[in-house]
Amino acid sequence: MTQDPNSRPRLAPGCRLNEKTQQPRVLLMPERALRLNGPSLEIVERCDGKHTVQQIISDLQRIYSRAEPERVEKDILGYLDLLKNERALEFE
Amino acid sequence: MNGTVSHPLALVAEITHRCPLHCVYCSNPLKLSGRVRELSTSAWSRVLGEAGKLGVLQVDFTGGEPLARPDLVGLVRAARSAGLYASLITSGTPLDEKRLDELVKAGLDHLQLSFQGAREEIADEIAGTKAHAQKLRVAEWVKRRRIALTLNFVIHRRNLERLEEMVELTKAIAPSRVEFAHVQYYGWAFANREALLPTRGQLDRSLEILKRAEEELRGRIRVEYVVPDYYAKYPKACMGGWGRKIMLITPAGEALPCHAAKVIPGLTFENVEARPLREIWEDSGAFRKFRGEEWMQEPCRTCDRRAQDFGGCRCQALLLAGDAAATDPVCSLSPQRPRVDAILTEVNAAPLAPASSKIEWLYRTNPA
């Protein structure tokens with residue numbers, strides 16, 4: 001399932017990160033919590049209604065420059081899809 | 001031995017047993033905690049602070065009816081200050097928009113609204129009072145605010161014929177999440193179980209409907225459903241395992257591994273006013289009682305599934321087999337499974353009561 005690269009994902013109501021000071025970092029939702037590390041945290045932090053899907057991909061390709069860009073893109077789209085199915089994201 | 005989580009991940013804060021409804025399936029104990037014994041606001045605030053420091057992620061404010069506590073807004077604020085995600089598990093009564101706004105302003109993340117049916121008549125019969133119309137109002141108010149909304153439809157023999165209508169109502173309201181929860185047989189539900197247990201036909205049909213709804217609504221509404229384990233082959237991993245993920249605190253401040261644990265004789269429950277939360281979790285007899293595997297009997301003791309379902313539910317083992325350390329009798333491998341089969345045989349032999357008939361329910365009372 002592909003997302004529109006120009007759409008801007010943001011966390012849905014009642015879905016939010018725990019505090020920056022709390023470890024581990026977790027995405028909190030109704031009766032569910034997703035532990036975030038490295039790439040998943042970088043993605044969720046950019047789901048702010050301002051970054052487009054394409055910008056998220058570009059940012060992470062830059063951060064994870066050693067990884068194959070196509071792989072990064074595929075992983076990000078897959079993760080956004082997962083979050084969408086968890087009903088954790090809205091797309092503007 | 002199973003590793004235990006070093007701290008609970010979720011706190012179930014049963015802040016009162018008072019409730020304006022009288023649901024016939026209520027899982028509260030038959031013996032309810034009176035108002036005079038409820039923990040104070042400051043005691044709850046301290047407990048929430050401890051929970052946050054311990055690494056607990058989420059708190060569910062529940063009861064009884066948590067809205068019955070006038071200090072609820074302050075408790076939500078305390079939960080957020082403690083770094084917790086705050087959910088309110090409620091019937092939606094008593095509530096107005098002003099109070100809802102205060103709750104949202106205090107940082108409420110999520111409201112889970114119970115529904116006893118899709119139609120007022122059956123819903124109010126199950127709740128033992130007029131409640132349905134208010135729930136519809138509350139759902140609309142919550143939708144206009146930026147918090148998550150879950151609808152929780154409690155389903156059973158008496159309302160399963162109208163499951164499709166509940167799905168339609170869900171689509172009309174469009175919450176973030178919907179849970180179709182088959183009744184689980186504790187407390188008042190256990191007392192009313194013959195009138196609540198569905199037939200196999202009803203159950204199979206309901207699973208088809210819910211599977212279709214889940215597929216249809218994927219990405220729009222998170223659909224969850226729990227099957228009555230009497231009809232399952234293997235037991236549920238109750239609470240994610242005894243003393244593994246969840247701590248429940250009763251209105252009087254007792255720390256329990258689950259809401260039904262008081263049915264088990266020989267357990268002493270410690271009070272959060274007498275001992276720090278961390279110590280109770282790690283060290284209290286009640287929490288340690290069924291951790292690990294040493295307590296297990298056969299077939300659990302050598303079963304391949306023991307790290308998956310932990311032998312099922314201790315309270316259910318007590319209720320159905322008279323022994324809290326026994327394999328949960330719903331398990332097909334339990335020597336006590338025939339007891340469950342006998343209940344199901346009766347339930348499936350009895351004809352479905354027509355919608356117009358009057359059931360002699362045992363209604364949940366209010367505490368003194």
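pLDDT is the predictor's confidence in each residue, on a scale from 0 to 100.

**Entry 1. Confidence.** I noted that this is a predicted model, in which local features need pLDDT of at least 70, side-chain atom pairs count only at pLDDT 80 or more, and totals for chains, interfaces and linings use all residues. Residues are numbered from 1 along each chain as its sequence is written, and chains are lettered from A and ligands numbered from 1 in the order in which they are written. I looked up chain A and found a mean pLDDT of 94, with 98% of its residues at 70 or more. In chain A, confidence is highest in strand 3 (residues 26-29), at a mean of 98, and lowest in strand 5 (residues 89-91), at 93. Helices (H or I, at least four residues) and strands (E, at least two) are DSSP runs, numbered from the N terminus.

**Entry 2. Helix pair in chain A.** I examined helix 2 (residues 53-63) and helix 3 (residues 69-85) of chain A, whose axes come within 9 Å and cross at roughly 135 degrees. Axes are lines fitted to C-alpha atoms, for helices over the stretch in contact, and angles run from 0 to 180 degrees between N-to-C directions. The two helices of chain A are therefore oblique to each other; angles under 35 degrees count as roughly parallel, over 145 as roughly antiparallel, 65 to 115 as roughly perpendicular and the rest as oblique. The contact includes A:Ile56 and A:Leu60 of helix 2 of chain A and A:Val72 and A:Ile76 of helix 3 of chain A (C-beta atoms, placed from the backbone, within 7 Å).

**Entry 3. Helix pair in chain B.** I found helix 1 (residues 41-54) and helix 2 (residues 72-81) of chain B packed at about 20 degrees, with their axes 9 Å apart. These helices of chain B are therefore roughly parallel to each other. On the side of helix 1 of chain B the contact is made by B:Thr41, B:Trp44, B:Ser45 and B:Leu48, and on that of helix 2 of chain B by B:Gly74, B:Leu75, B:Ala78 and B:Ala79.

**Entry 4. Sheet of chain B.** I traced nine strands in an open, mixed sheet of chain B, in the order 7-6-5-4-3-2-1-8-9. Strands pair if DSSP finds at least two bridges between them. Strand 8 (residues 246-249) and strand 9 of chain B run antiparallel and are joined by two bridges. B:Ile249 stands opposite B:Ala255 in strand 9 of chain B.

**Entry 5. Interface.** I recorded 18 residues of chain B in contact with 16 residues of chain A. On the chain B side, strand 3 (85-90) and strand 5 (148-155) are the elements that give two or more residues.

How values were computed
Contact = placed C-beta atoms within 7 Å.
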